[in-house]
Amino acid sequence: ANLVGYITGFIFTVFITRRLSEEEFGVWALISSLIIYSLTPYNLVGSWVSRDAARGRKVLETALALWALLIPVSIIIYISAGVGSASAINYDLNIMLLGLIALIPYIFLKLGSAIQMGYAPQNVGVARILFEISKVIFALSFVVVLKLGLVGAIMSLSLAYVLQSSLLLYKSIPLSQRKFRRDWVVKWLKGVPINVIRVLNDILSATNIVLMSVILGQAVIAGYWQAAVSAAALATSSRLLTMGLEARLLSGGSQKDVDKIFNFSMMLAIPMLFGLLVLSRDLLWVLRPVYSSAWIAACFLALAGLIRTVGNVGSIVLRGTDRFDQGDDVGMRDYLRSRIFLLNKLRVALTALNVISVAVYLLLVKGAMVDIVKIVTSVAVINFAYSIAWTVINLRLMNKMTDFRLNFGSLKPYLIASAVMATSVYVLRSMLGPLPARVLEAAPLIVALVVVGALIYGGTLYLISREFREFLKEARTFINSYISINFL
């Protein structure tokens, strides 16, 4: 799902970057950040729904009722933030408010995701594949064929969210009991204060785009930043590969589960990073030739993504082994003493320092005629530095508070195979020369390099790693079983 998501997501981004102006693409990125802000009420309770779903509790109706009550709050947050942002960048408010048609289905996507992350995390991956493929199809219709521009891009996203949320909610029907549990709502709301810190972190994490746009008074720079983020997405989204570990640990997982998830995530994340380092400039060129100058920023964002994935495993282990909320009668003191609260405090402190550092830098360069690419690269470097600090803290806490450990020695085959792949792709890329400006001419060349790189990596790893050969057998068994259960 992660690989399919990156490929189709990149195709979608190509559609809109080649059809939107640099300012419109920046506005697109800004709208995405505003949607993240607006989901705050659901992020405050979603993790508690996931934890109860992981324990087999039938949470669907109760969670759905709570979600419906929070919709007006979410809409008010979006409108308020949209009005302020439109004024700061001097852009059409009506276009900014169109993001509401993407927000509404995303709200129900948050519900389905919260339940399935605890109940059956693999369904989240399947739903993501549906979302990514449908998003491309809708964008082809609205953005490319009908030429609706930014409006068409927002419509495409909205319809894709509808399909994704519908699938996840359908898969959640087994957790239905046709009964509203007020005591569960009270329990989830008791956990809101502890999640305030974690959600504040999510809000701060989405603030880079807003800061760059508002402080510098333009949306163009947000477009460059979003282009670098899109190019680095394959490496930065590798943390999604670890999403099933917490549910497994909550239900009684062991060191073997940690090893399997860690090896699986690194098996894919490491070659993704190596490939991005070699092809970053070309990937940005495909998006829009002018964005290729931001390739260094994309590389730092990709490195930060891999480092955060490692730290994320430590964080998941700490959360998944925390048993403070196992019963229904949980007091505020229990929340405040939990590892989850400790992690949230540390994370928000680091993220706040990150945001402050970015804001100070932007204020210093404001009006100094500093090149946009240099600004974007500097912000990426700041994010990279804080990702290192966050990962080191998580791993030290994991080693101190649990008996689980990460086996870094198991990464050797992945590093060797990735180095062989990256060297081969670099040589082949050097033989091609400059890329043509037309996307239909440039994209096939890059796709060919990606395919060749994947084959080289897979072939090399198959020869040197017995674990990889066993993984392929397990993957085939899982796919055959999933197809037979759900489609045959």
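This report describes salt bridges in a predicted model.

Residues are numbered from 1 along each chain as its sequence is written. Local features need pLDDT of at least 70 and side-chain atom pairs count only at pLDDT 80 or more, while totals for chains, interfaces and linings use all residues; side-chain values use heavy atoms, leaving out hydrogens and water.

A salt bridge is a side-chain nitrogen of Lys or Arg within 4 Å of a carboxyl oxygen of Asp or Glu. Searching the whole structure gives ten salt bridges. The table presents examples.

| Salt bridge | N to O distance |
|---|---|
| Lys 187 and Asp 52 | 3.1 Å |
| Glu 132 and Lys 135 | 3.0 Å |
| Arg 429 and Asp 282 | 2.6 Å |

Helices here are DSSP runs (H or I, at least four residues), numbered from the N terminus. The salt bridge between Lys 187 and Asp 52 links distant parts of the chain, with Lys 187 in helix α9 (residues 182–190) and Asp 52 in helix α3 (residues 40–54), 135 residues apart. Buried means under 20% relative accessible area, with a 1.4 Å probe and protein chains only. Lys 187 is buried at 5% relative accessibility, and Asp 52 is buried at 1%.

Glu 132 and Lys 135 lie three residues apart in helix α7 (residues 121–145), so about one helical turn separates them. Glu 132 is buried, at 5%, and Lys 135 is buried, at 8%.

Arg 429 and Asp 282 form a salt bridge that also joins distant parts of the chain: Arg 429 belongs to helix α20 (residues 412–432) and Asp 282 to helix α15 (residues 255–287), 147 residues apart. Both Arg 429 and Asp 282 are buried. Finally, salt bridges with shared partners connect Asp 52, Arg 57 and Lys 187 in one network.

Definitions and conventions:
Helix = DSSP H or I, 4+ residues; strand = E, 2+ residues; numbered from the N terminus. Buried < 20%, exposed > 50% of the residue type's maximum accessible area, 1.4 Å probe, protein only.
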